[in-house]
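Welcome! Please take a moment to look over the sequence and the 3D view before reading on.

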Amino acid sequence: LTKINRILDTKRRKETQMNILKSISKVIDTINEKVGMVCSYISAPLMLLIVFEVVSRKLGHPTIWGYETIIGVYGWLILMSAAYGLLHDSIVKVDILSGGWDEKTQHIVALITYIIFFIPFVTYLLPAIYNSFWLDFTTQARSWSSWAPLRWPWKLCMPIGWTLLWLQGLSEIMKHIIFLIENKGKSFKRDKQVMKGGELDG
């Protein structure tokens with residue numbers, strides 16, 4: 001009876017740990033999903049702004065603020081939606097080898113590459129990105145143009161977007177770990193389909 005209780009306790013602890021991982025991953029995914037959806041609404045105004053600037057230049061009346069505003073908004077769009085792209089597996093990758101592996105092998109390799117390459121790379125750049133923003137914020141540095149806007153509002157997307165990307169990397173690691181633990185001992189047939197970004201049940 002004691003042995004059975006120990007087995008049940010171990011199983012409960014395992015389920016609790018899995019639920020915690022799933023909850024954390026789901027929170028991160030939800031945040032980046034909502035941020036990505038907000039970013040999608042920026043595309044249309046950005047396009048209109050580009051058209052306006054092009055037409056203004058053609059008519060001989062270029063604005064002093066249009067060019068830098070386009071660059072700044074585009075920077076916000078790209079950096080703030082990077083984690084959304086990772087969440088939906090839309091970041092460019094080479095699947096020449098992994099495309100022919102079974103699903104379990106794909107998850108193992110993806111987990112290893114996230115731990116060895118992705119997280120260290122993103123983590124390594126985080127201090128430089130935060131320092132770059134903080135320097136412009138504390139010195140109230142301005143752009144070199146005749147408009148000369150403050151640079152830190154444009155750079156604010158860098159630490160926020162990069163942090164969200166780092167968190168999404170952790171979420172992907174959690175999903176791969178969850179898959180491997182929940183499917184431990186199962187056999188998988190070779191699948192020609194490329195593994196999509198993991199989604200959690202519940």
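Here is a short tour, from the overall fold to the aromatic pairs and the nonpolar cores.

## The fold at a glance

Keep in mind that this is a predicted model. The chain holds 7 helices and 0 strands, and reading along the sequence gives the pattern α-α-α-α-α-α-α.

The chain has 202 residues, and 32% of them count as buried. Its accessible surface comes to about 13,400 Å², with 68% of that belonging to carbon and sulfur atoms. Among contacts with a separation of 6 or more, 78% are between residues 24 or more positions apart.

## Aromatic pairs

How many aromatic pairs does a search of the whole structure find? There are 7. One of these is Phe121 with Trp162: the ring centres are 6.4 Å apart and the planes stand at 65°, so the pair is edge-to-face. This pair links distant parts of the chain, since Phe121 lies in helix H5 (residues 103-139) and Trp162 in helix H7 (residues 157-182), 41 residues apart.

Phe133 is buried, with 10% relative accessibility, while Trp152 is partly exposed, with a relative accessible area of 23%. Why does Trp152 not count as buried? Because buried means under 20% relative accessible area, and Trp152 has 23%. Both residues also belong to one aromatic cluster, together with Trp134 and Phe137.

## The nonpolar cores

The largest nonpolar core has 13 residues, and those touching the most other members are Leu86, Tyr114, Phe118, Val122, Trp162, Leu165 and Ile173. Which elements give two or more residues to this core? They are H5 and H7, and the largest share, 7 residues, comes from H5.

Leaving aside neighbours within four places in sequence, Val122 is in contact with Trp162, Leu165 and Trp166.

Conventions. Residues numbered from 1 in each chain as written. Predicted model: local features only at pLDDT ≥ 70, side-chain atom pairs only at ≥ 80, totals over all residues. Heavy atoms only, no water. Helix = DSSP H or I, 4+ residues; strand = E, 2+ residues; numbered from the N terminus. Buried < 20%, exposed > 50% of the residue type's maximum accessible area, 1.4 Å probe, protein only. Contact = heavy atoms within 4.5 Å. Areas by Shrake-Rupley, 256 points an atom, 1.4 Å probe, with all protein chains shown as cover. Phe/Tyr/Trp six-rings, centres within 6.5 Å; stacked < 30°, edge-to-face > 60°. Core = buried A, V, L, I, M, F, W, Y, C linked by side-chain atoms within 4.5 Å.
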